[in-house]
Every structure is written in structure tokens, then in C-alpha cells.
Amino acid sequence: MALMAGVIRRLDEVVVNRIAAGEVIQRPANAIKEMLENCLDAKSTSIQVIVKEGGLKLIQIQDNGCGIRVSKPTGQVQKEDLDIVCERFTTSKLQKFEDLASISTYGFRGEALASISHVAHVTVTTKTADAKCAYRASYCDGKLKAPPKPCAGNQGTQITVEDLFYNVTTRRKALKNPSEEYAKILEVVGRYAIHNSGISFSVKKQGDTVADVRTLANATTVDNIRSIFGNAVSRELIEVACEDGKLAFKMKGYITNANYSVKKCMFLLFINHRLVESTALRKAIETVYAAYLPKSTHPFLYLSLEIAPQNVDVNVHPTKHEVHFLHEDSILECVQQHIESKLLGSNSSRMYFTQTLIPGVECSSTEVVKSVASSSFTAKGTVDKVYAHQMVRTDSRDQKLDAFLQPINKPLSTGHTAVTLDGGTGLSDGRSRQQDTEMEDLNDFDTMVAAQGDSVTTPEGQKESGRLTPETVPTRKRQWAGSDVEMEEDDTRKGMTAACTPKRRIINLTSVLTLQEEISSQAHASLQEMLHDHSFVGCVSPQWALAQYQTKLYLLNTTQLSQELFYQILLYDFANFGVLRLSEPAPLYDLAMLALENTESGWTEDDGPKEGLAEYIVEFLKKKTEMLKDYFSFEIDEDGNLTGLPLLIDNYVPPLEGLPMFILRLATEVNWDEEKECFESLSKECAMFYSIRKQYIVEESDLTNQQTEELGTGSTSWKWTVEHVIYKAFRTHLLPPKHFTEDGNILQLANLPDLYKVFERC
């Protein structure tokens, strides 16, 4: 059977109009885009959008623009304006084809309202500045239903679109998700709001009192980006701007730096103030960002290009979301190079937001991810799955081998510079002299420990090889601090001090109990848990150290934490300290003179002769000898010589280089008049003297080769002390105060799940 040629017929005008409307108005967001552009062409400064059911049931857009023209001589509405406003190819912005070469408005075809009126019911209410009232007209299929009627109204135009696609069943069924359509509407209005920073925009659902998008007329572009996309974007923005006279274009906008990345690229592109898309420009810019961002992540981009109108062809797409322009490759290359130069400059440093408040501090350890070593079987016999980015790979209970290998000839002083006194008497730094440790027990006998020697001598004269290293100190029981009743302990270990010295007596002084209660009330439980279960990573410097807790890495201020540790030990073990015997008595006069010679003392000639001050300090401290010995184990003989210091924790001797300044401050900075203030200030001064301080520690990198050879392994002993003495004591004896979460003494540096996000492209 022969094929018959089809008959060509002229389509009915209604069919033609609906097909054209379907191309221009594809969904509610397209209708709002077209009407927004009409509002902007009308020089509006305020645009309000109200939507119902994602724009399918109702779209109402109100502006305060110039409105539809009214005849000034007669004051009558120009019927032809309102009659043809919804007909195809009716516009006030274009008269002949050549005008397209210099078009500067959004609209030019006159198809927007016509297309909408063919697939919805349209009502237009308009009022110009010189009109006495507003006029309202309704349209269907591009035709006026009835003559315009006068009504009350504000200056500008209000367009109401109802039952969108009511006569296009297939399209209506395809757009059955109002939430998705509303999201697209918010996206369109948000982009125009960012580009038009001098205009107020608002979008809300019908019946809602709060707008989902709202910008102010006096807001800047950055303010609008912050309002719509949030602080995460706005704080990482870089302003870009360039121009080229030969290519006749200018570019300005904002892009995010290398600190910001998301899974989906947010690209807002305006060419001659028209919202468009450019795949070529997007790819060119993302090629630049590929060198800075993790794999499969993208930036936020807002660019506005102004190109000579005669070089732009805007009539290439029904919805006008694409344009073509001359010298496209050259302009793209210029934009790409400028953005690359901006990113290169911003990449010289990265910004990291430190968190002084420990993340998740209110959570208990039972709520965090379980360690592989401690994962338990469930009732069904299966193991809880722990993902790689949540896995805790350390156990705070593990001990390192070097914990049992204390450095040979380890100096008791953490420094290396001996303090030499006038008259030939010197305080050894621990390398050349033996320093004795006296620990008194319940039977009041003395056990002399050669702190630097290789043996321990017992009262019976028996000699054992090795150093005296106590077992791990159990967790301290703080409940006794606030009680006036003497303790009765079943476990004798619980009666030990921090230095494993058996307690001789219980102090019930109100001032001491009050200070202990202040420490307990200020303790931060989550920080205490972190310090108790931390895994020591290493020393950054004498002042700072790294520690891991679960999946987080922390930077800890060793100086401040150790100072707080010794302060608490001085109060909780009050009057129960062992004694560190000095190898030779240290004259208080010589110590005071050394301190006064130090610029840190702040001595001036107005204070009087140094000798007189030194003598006063000696006599003053000799009067306090009985109290200092009884409560703090500071021993001063009748001749004014310091012979003993308190033993606060085992295997630790304070940096004796700080002893002169400590003696000076003991006489000048302690409040000796009030009991509570005296114990508090004296404990703080002593704690500062005992703490790990950078100025009294010589690092290996600062030593010459000869000095390093002389010191041998002792040069690294301060690191051993920090890890195996100080941080070990943190686990059981430190109640970290709450202010440590805010003053930067404990900082979170990294979190394993976040690191996986950063390095996931590797």
C-alpha cells in the first residue's frame, strides 16, 4: 500500500498559544521569574511574593513600580494598554528588531503574561503615581474578560495567577509535588535578591506570617548571601572584579575561598543583569577550584558580567536562561585567570576555627563511639559495627616501653643551668650532686632515697637495685575534703598522698576545707573524664603537649595544667607532704640577692638597697619557719638556710632555677595576715614554682654539640617527666576547672570524622 502524504493544516490559534505557553512557562518558578523581571523593569524597590501549593493553586506578586500607564490629560485608563497587556508580542520595551542590539531590559518579547494567561487565570491590579485609584482586570487565553474596574490599591502592580496549568492536564500531573516547586521558587527569588541588593524581596506561603526569603532594601550583596545561604558561605567570600576594554566587558561578584566546599556547586550567573546559565564558564571555574578543594566538592559562585549589549544575543532560548555573546572564549579565559589569581592569594593561609569549648562536653563516655578494643557483643552475638572514620585506635590503658626506661642520670631539675650562689655555695641541677628524698610514714621513720642514684636504701640498710617507682596511683577520693570526721579506710592505698606518702593526720581547718570545696565545685566532669582517659601523643614544647581522646586530638597547655595540679595537691594533701632534702643548705640571703638581681623582680632604687631587702626577707621567713615546716614541709634552719622542699608527687623535683624568684615572691606576694588568703596565695606561689615552665627548660635544639654530649640522655629527661610523671598525675589527681574550656588552655585541633572529609579524595 502506497504511503499517502499528510495534509498540512493551519493550527488553531488556541493550540498555538498553549504550545507556546508550555515552552515559556514550564513550571511555577518560570512564571515567577518572568513576573519578577517585569517588576524590576518597572523600577520597583519592593517585591512581595505569596504562593499556595507550590504556585499551582496561587501565585501573587506585588511591586511598587511605575504601574501600567494612565492617560494624564483625561485621567482615563488607556483601554488598549489593559486590553492587550496579556496578548502575545505586546511590550513597551521594544519597537523594531534593531532595538535587540541595545536591549537593556529583562523583557522584550511580550510573551510572559500572554503565556501565563493561556494556562491560568490571571488578574492584574495596577495604579500609577498620578492616578487617583487603581484598576483591576481579569484575563483568560490572552483576552480581557470584562472592562477594567476602579478599585483601591497601592502604587505599582499586583498580578494574581490562579490554577496554573488547569487546562494542561499532563503538565499538572507531572508537577504533583508542591514542596519541590516551592523550593525552586525560593531558589529563583533568592538569586534575584542577591543580584539586586538595593531592592527588598520577600517570599512566603499563603497564610504564613514569616517569610522564607526576606531581604532588605538597604542590605548589601554579602548581607543577602548571608541571609539566604547562611554564615558558612558569607564568612568565606572573596570579592572579585575585573574588566577589559578591548573585550568590552566587566565582571564583579563574590566567590568562596579554599576553606569552603559543598557537594553541589552553587553558581549564580547574571549576564547584563539577566539570570542565565553557562556550562562553559562553570567548567572553566571548577577547573581552577579542582586544585584547591577535595575531590567531588564544589564552591559557591556569584558572578555578574556586563557585556556591551551589541555583543550579546539574548534571543536564543524560549525561557531566556541562555545567551550567546561575542569573544566568549577570550572572556571566559580572562574570568578564569582572575579567579585563579584571587584563589592563589587567599590560599597563602587557611583559617581554622578553634573550639576552646570542648565539643560534646556534656556527653558522657557512654554516648561516644566505642573503641574496637572495648566493643561488646550484643545479645545476638554480633559486634556493633564501628566505621573507619569513627574508630578509636588507641587505648589510654596501654603503656609505652619507655615508661620503664627512665633516662640514666636523669636530672631532678628539669633545667640544665645550675644556680650558683655567692660565697661558693651552689644549688646543683641534679647532675653532679645526689639529692635526698625524705618520706615520713605513720611510724615516723625516715626513708632516705638517693633520688639520682641507682639504689634505694631502707632503714634496715638493705639495698635494692633500680629506682623507687610507685605503682599507678588510684583515683583520689575527694569526699573526705569536706568532712570534719577522721577517715577510716579499709584500703590503705586510699590514704596515700599524691606522692604515695602515707597520711599522718587529717586537717580540719575551715580555711583549707573551704578552698578544697571551691576546687570541687568548679570541677568540669567531662574535662576530668578526658584527662583520665587520654592517650599522650607528644610534647610540642615545654609549654604545650598533644593528647588524644577518642577520635579527637587536643593541644594542652602543660604549664597551666601542671600549675593547677600542684595547687590542688597542696590543698588536698595539706600538711601531709614528704620532704625533698637539698644536698647542701641554700642560704636564703643568697637566693634573695639572686632574685633581686633579676629584672623580673621589678626592683628599683626607690625600694632601697638590695642587701637590706635580702636581710629583711631572711628574717621574715625565719619567723614563719614553724608554720612552713608543719603545713608545707619547707625546712629552714636557724642560720636562715633552706634545707628541704615539699615532695608533691613521686619522681618529680621542681626546676630549681626558679627557686630564687620563689623565695622573693614567698616574702612579698603572699598574704600572711588572713588564714584562708595566706594558704591560698602561698599554695599558688608554690604551684607556680613547681609547674613546668619554658624559661627553666633548655631544649635539645638550643644546645651545642659539646653540651649535648655532656648531658647525654639527660637532655631529653624533661619530656620523659612531662609524659610519665606530670600527665600521669593528671589522670588521677587533677580536677580541671570549668574555665579551662573557655580560656584556650585546652584546644581541639582535629577530629577523625572531619579529617576523613578533608582527605577523602586521597
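This is a predicted model: local features need pLDDT of at least 70, side-chain atom pairs count only at pLDDT 80 or more; totals for chains, interfaces and linings use all residues.
1. Helix 17, residues 659-668, is mostly covered: 8 of its 10 residues are buried. Buried here means under 20% relative accessible area, with over 50% counted as exposed and anything in between as partly exposed (1.4 Å probe, protein chains only). The covered residues are Leu-659, Pro-660, Met-661, Phe-662, Ile-663, Leu-664, Leu-666 and Ala-667. Helices are DSSP runs of H or I with at least four residues, strands are E runs of at least two, and both are numbered from the N terminus.

2. Residues are numbered from 1 along each chain as its sequence is written, and side-chain values use heavy atoms, with hydrogens and water left out.

3. On confidence, pLDDT is the predictor's own score for each residue, from 0 to 100. The protein has a mean of 75, and 67% of its residues reach 70 or more. Strand 8 comes out highest, at 95, and strand 21 (residues 455-457) lowest, at a mean of 32.

4. Two stretches deserve a mention here. Over residues 359-383 pLDDT stays under 50, and the model gives them 28 contacts beyond four places in sequence. Residues 711-716 also stay under 50, with 12 such contacts. A contact means heavy atoms within 4.5 Å.

5. Now the overall picture. The protein has 21 helices and 29 strands, and buried residues make up 48% of its 762 residues. Of the contacts with a separation of 6 or more, 69% are between residues 24 or more positions apart.

6. Asn-196 sits in the loop between helix 6 (178-195) and strand 8 (200-205). Is Asn-196 buried or exposed? It counts as buried, because its relative accessibility is 13%. A polar atom of the Asn-196 side chain lies 2.8 Å from the backbone oxygen of Tyr-192.

7. Cysteines next. A disulfide is a pair of cysteine sulfur atoms within 2.5 Å, and by this rule the count is 0. Cys-678, for its part, counts as buried because its relative accessibility is 6%.

Notes: A polar contact is a pair of N or O atoms within 3.5 Å; within protein, one must be able to donate a hydrogen and the other to accept it, and residues adjacent in sequence count only if both atoms are side-chain atoms.
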